[in-house]
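Here is a short briefing on one structure. The points are grouped by topic.

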Amino acid sequence: MKIVVCVKEVPDMESKFKIIGDSKIDESQIAFKMNDFDQYAVEAALQLKEKFGGEVMIVSAGPERVAKEVRQAFAMGADWGIQVQDPEVDAGDSFVVASALFGAIKTIGDVDLVLTGVQAEDDQAAVTGVMIADMMGVPHCTNVVKLDVDGKNMKVNRELEGGKNEVIEMAMPAVLSIQSGMNQPRYPTLPGIMKAKKKRLDVKKAAEVGCTAVGAAGSKTSFVKMFFPVSDHKAEIIQGDPKAAAATLVNKLKNEAKVL
Amino acid sequence: MARILVIAEHRNGALSEGTLELCKAAKAIASAAGAQPAAALLSKDGSLAAELAKYVPEVFTVSDGNLENYTADAYTQAVKAVVDAQDVKGVVIAHSYDGVDFAAKVAMALGCGIVSNCNKIEAQGGNITFTRNTYNGKIQEQKTVKTDKFVATFEKGAFDKEEAGGAGSVTAVSASISASRTKVKEVVETMAGSVDISQATIIVSGGRGTKDKDKYNDVIVNLAKKLGGEYAASRPVVDSGWTDAARQVGQSGKTVTPKLYIAAGISGAIQHVAGMKGSQCIVAINKDPEAPIFNIATYGIVGDLFEVIPAMMEAIG
Ligand SMILES: Cc1cc2nc3c(=O)[nH]c(=O)nc-3n(C[C@H](O)[C@H](O)[C@H](O)COP(=O)(O)OP(=O)(O)OC[C@H]3O[C@@H](n4cnc5c(N)ncnc54)[C@H](O)[C@@H]3O)c2cc1C
């Protein structure tokens, strides 16, 4: 089985965010990591490979530093990967990124499954996987929490609101977006980390994977600005050291809010 | 006049609440863009058309056996049929599980831009600016669409529900919908458990910040017991197996409205907040002063939950 996992690098959401000129975050202040949801996608791919044999490829778009996240997936057990490293892709919207990832997937050829996380923690758009499926001309299923494979046929649980799942039958090739909790992503082992350093990572420009939709020109949406949310409600922050604050809080819960 | 077209969401013979919110969103976009709100009902037999027409001046129905269950393939064909037959400027879809599954496919079919997960719109000279949550709710961004048409998905609760009142026209759009490549077999319940946290009046809920199973038990479960309440969790805690799925609060878990909800080590992602924002009094304990949970809490303590919670236990006596 040939399985591609799309992996994205995102900021650690506990970082201290600073916005520069309404238009971008100050990356010098940010620690980066693999998108949480993608770890579940990598694990799902590795489990399929362990069961049915085959190969797991990682595809990612982003600047040079993104290689760290690809190699983390290698250390978990993925075989090799393609990094589309092109500022013109990074400057594009989801459609551009999907086009670049699709281009990279096409160069691999005969892929049975493409797995993505359900969404990126930074953009929270949840559109890229569906776009890739459409470009490949294959079916997709989003928010997958369970997957049974029998030859080319799959039984897939799609998460719904309020703890329900829809059980779906579909066939490969397909694109699945993997929801957190589907499995327990493994930690890279030390030998895994050593091996990862030597695994093949092809670095390509957009044009080298046949992607022509790049930059602002190739995008279908435009970015206007970013800002910190202004909330019309803010919690009453209780000051003091933990002991004093806790005592004040308990007192307020008893006598002010009257909920204790 | 061009239309802003809501794709109605329905299951088990009822429109979703989100659909009524979308009708409100479509009305706001339409008035800004010099268009008119409308809605599409994609179903087996169009039986909800009259109900939907109470909320928008025009309803278009596509009825086909292949639309009996929601599927991305069938829905995309049906939306495309309506857009091809009518003058449609924008398509608005819920940012729900179904919506996320087909909205981007519709944008691809129409060759247009999509802005997903929006919570607000602004008009600037007929051009619509969409505001959306990014970075786990820490930053908002604004986007516009460059193509003639657009697709936008809206967060649950972004708009109030539209009031019923009108009696819009209903027009059938003929289309032949081919069978979906994904086949829906059944819908199953996965969170049935021994406990029903939705009945509790006091809930102590722990998030990823509780670090591991032992510590979660130590602080969250113990405080809940001390207060005579139930303990609950955000999704990562359940994903990691620190507690049962039946105790998960949020979009994909339970909706709770206790008198007191204590959120410790929970950042306040929209999917979590969706399940607890109706609580009477919300306490947030988080070491990050910028955590979005403080935007909905009644009281907040910025600090280490492993210091604050033991101190609370002591203060309760
Ligand atoms: C389709 C979909 C459905 C989802 N459904 C749900 C759902 O039903 N319920 C749900 O909860 N999530 C759901 N999520 C996940 C959601 O997006 C968030 O990822 C999740 O809610 C984050 O959980 P958290 O706040 O515990 O973790 P994080 O966002 O990682 O936050 C941890 C917080 O703990 C704080 N912290 C860390 N250490 C300490 C300490 N020592 N003391 C005090 N504070 C500390 C940090 O500052 C941080 O704010 C869903 C996501 C998707 C895409």
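In which strand of chain B is the place of B:Ser205? B:Ser205 sits in strand S13, residues 202–206 of chain B. This is a predicted model, in which local features need pLDDT of at least 70, side-chain atom pairs count only at pLDDT 80 or more, and totals for chains, interfaces and linings use all residues. Residues are numbered from 1 along each chain as its sequence is written, chains are lettered from A and ligands numbered from 1 in the order in which they are written, and side-chain values use heavy atoms, with hydrogens and water left out.

**B:Ser205 and its surroundings**

- B:Ser205 counts as buried, at 0% relative accessibility. Buried means under 20% relative accessible area, exposed over 50%, and partly exposed in between, with a 1.4 Å probe and protein chains only.
- B:Tyr231 is 26 residues from B:Ser205 along the chain, and their C-alpha atoms are separated by 5.6 Å.
- Neighbours within four places in sequence aside, B:Ser205 is in contact with residues including B:Ile220, B:Ala232, B:Ala233 and B:Ser234. Further partners include B:Tyr261, B:Ile262, B:Ala263, B:Ala264, B:Ile266 and B:His272. Contact means heavy atoms within 4.5 Å.

**Chain B overall**

- Chain B has eight helices and 17 strands. Helices (H or I, at least four residues) and strands (E, at least two) are DSSP runs, numbered from the N terminus.
- The C-alpha atoms of chain B fill a box of roughly 70 × 45 × 35 Å along the principal axes.
- Chain B has 317 residues, of which 60% count as buried.
- Take the contacts in chain B between residues at least 6 apart in sequence: 62% of them join residues at least 24 apart.

- Two packed helices are described by the angle between their axes and the distance between the axes.
- Helix H5 of chain A (residues 128–136) packs with helix H4 of chain B (residues 97–110) at an angle of about 50°. Their axes are 8 Å apart. Axes are lines fitted to C-alpha atoms, for helices over the stretch in contact, and angles run from 0 to 180 degrees between N-to-C directions.
- H5(A) and H4(B) are therefore oblique to each other. Angles under 35 degrees count as roughly parallel, over 145 as roughly antiparallel, 65 to 115 as roughly perpendicular and the rest as oblique.
- On the H5(A) side, A:Val130, A:Met131, A:Asp134 and A:Met135 take part. They meet B:Val100, B:Asp101, B:Ala104, B:Lys105 and B:Met108 in H4(B).
- The residues of this contact of H5(A) with H4(B) divide into six nonpolar, no polar and three charged. Ala, Val, Leu, Ile, Met, Phe, Trp, Tyr, Cys and Pro count as nonpolar, Asp, Glu, Lys and Arg as charged, and the others, Gly among them, as polar.

**Aromatic pairs**

- A search of the whole structure finds seven aromatic pairs over all chains. Rings of Phe, Tyr and Trp (its six-membered ring) pair if their centres lie within 6.5 Å; planes under 30 degrees apart count as stacked, over 60 as edge-to-face and the rest as tilted.
- The B:Tyr70 and B:Tyr75 rings are edge-to-face, because their planes are at 75°, with centres 4.9 Å apart.
- B:Tyr70 is buried at a relative accessible area of 8%. B:Tyr75 is buried at 5%.
- The B:Phe154 and B:Phe159 rings have their centres 5.5 Å apart and their planes at 85°, so this pair is edge-to-face. Both B:Phe154 and B:Phe159 are buried.
- Ring pairs also link B:Tyr70, B:Tyr75 and B:Phe102 into a cluster.

**A:Ala104**

- A:Ala104 lies in helix H4 of chain A, residues 94–108. A:Ala104 counts as buried, at 0% relative accessibility.
- Leaving aside neighbours within four places in sequence, A:Ala104 is in contact with A:Val59, A:Ile82, A:Val84 and A:Val209.

**Backbone points**

- A cis peptide bond joins A:Met172 and A:Pro173, with omega about -5°. A:Pro173 is in the loop between strands S11 (164–171) and S12 (174–178) of chain A.
- B:Asn12 has phi near 50°, a positive value in a residue other than glycine. B:Asn12 is exposed, with a relative accessible area of 81%.
- B:Asn136 has phi near 55°, also positive in a residue other than glycine. B:Asn136 counts as partly exposed, at 22% relative accessibility.
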